[in-house]
Amino acid sequence: MGKDGHGTIMMIDNMHTLDSSQYWSAHLYKDCISQGLEPENIHKEFLQLLFQDNCDPYHDDTLPEAPKELVEELSRRCVSLYEMITWKKFEFVVEAEGILGK
């Protein structure tokens, strides 16, 4: 975000994506914080931590493969977030190679 020469607020980068934003479940957030607990999140930090702990993605030529369970969990979170934001059911399309989102 920034302002142009006339003081108009301008969006300069992306926002509200799993890459650029972090999301938590609102109904649990205050209770968890008040108890000193980490609130349930709906973003991809858990996958980033895996790579942070096992490699240097900015310098390593090859990265370890993410475990299938974590990739599936990331997919589940993406679909869940889509449905929460749009109030629409995510439709899956099954192709010969696997499941594709619509």
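Let me start with glutamate 73, which forms a salt bridge with arginine 77, the closest N and O atoms being 2.9 Å apart. By salt bridge I mean a side-chain nitrogen of Lys or Arg within 4 Å of a carboxyl oxygen of Asp or Glu. Glutamate 73 and arginine 77 both sit in helix α3, four residues apart, about one turn of the helix. When I say helix or strand, I mean DSSP runs numbered from the N terminus: H or I with at least four residues for helices, E with at least two for strands.

A word on the source before going on. This is a predicted model, in which local features need pLDDT of at least 70 and side-chain atom pairs count only at pLDDT 80 or more, while totals for chains, interfaces and linings use all residues. Residues are numbered from 1 along each chain as its sequence is written, and side-chain values use heavy atoms, with hydrogens and water left out.

Back to glutamate 73. Its side chain also meets that of arginine 76 in a salt bridge, at 2.6 Å from N to O. Glutamate 73 is partly exposed at 23%, and arginine 76 is partly exposed at 45%.

The structure holds four salt bridges. Another one of them brings together the side chains of lysine 89 and glutamate 83, at 3.8 Å from N to O. Lysine 89 is exposed, with a relative accessible area of 64%, whereas glutamate 83 is partly exposed at 23%. Through shared partners, salt bridges join Glu73, Arg76 and Arg77 into one network.

Leucine 74 counts as buried because its relative accessibility is 18%. Histidine 43 is 31 residues away from leucine 74 in sequence, yet the two are 7.8 Å apart in space, C-alpha to C-alpha.

Leucine 74 also takes us to the inside of the protein. Which residues make up the largest nonpolar core? There are six: Phe46, Leu47, Phe51, Cys55, Ala66 and Leu74. Helix α2, residues 45-54, gives the largest share of this core, with three residues. A nonpolar core here is a set of buried Ala, Val, Leu, Ile, Met, Phe, Trp, Tyr and Cys residues joined through side-chain atoms within 4.5 Å. Cysteine 55 has contacts with Asp60, Leu63 and Pro64, leaving aside its neighbours within four places in sequence; contact means heavy atoms within 4.5 Å.

Now the aromatic residues. The count comes to two aromatic pairs. Tryptophan 24 and tyrosine 29 form an edge-to-face pair, 6.1 Å centre to centre with 65° between the planes. The rule is that rings of Phe, Tyr and Trp (its six-membered ring) pair if their centres lie within 6.5 Å, with planes under 30 degrees apart called stacked, over 60 edge-to-face and the rest tilted. Tryptophan 24 is partly exposed at 30% relative accessible area, and tyrosine 29 is partly exposed at 36%. Tyrosine 82 and phenylalanine 90 also pair edge-to-face, at 5.5 Å centre to centre and 85° between the planes. Here tyrosine 82 is partly exposed at 33%, but phenylalanine 90 counts as buried at 18%.

One more residue deserves a mention: tryptophan 87. Where is tryptophan 87 placed? Look in the loop between α3 (68-86) and β3 (92-95). Phi of tryptophan 87 is near 60°, a positive value in a residue other than glycine. Tryptophan 87 counts as exposed because its relative accessibility is 79%.

Finally, the overall layout. The protein has three helices and four strands, and from the N terminus on, the elements run β-β-α-α-α-β-β. Of the 102 residues in the protein, 20% are buried. Among contacts with a separation of 6 or more, 23% are between residues 24 or more positions apart. That is my tour, and I'm happy to go back to any part of it.

Terms used
Buried means under 20% relative accessible area, exposed over 50%, partly exposed in between (1.4 Å probe, protein chains only).
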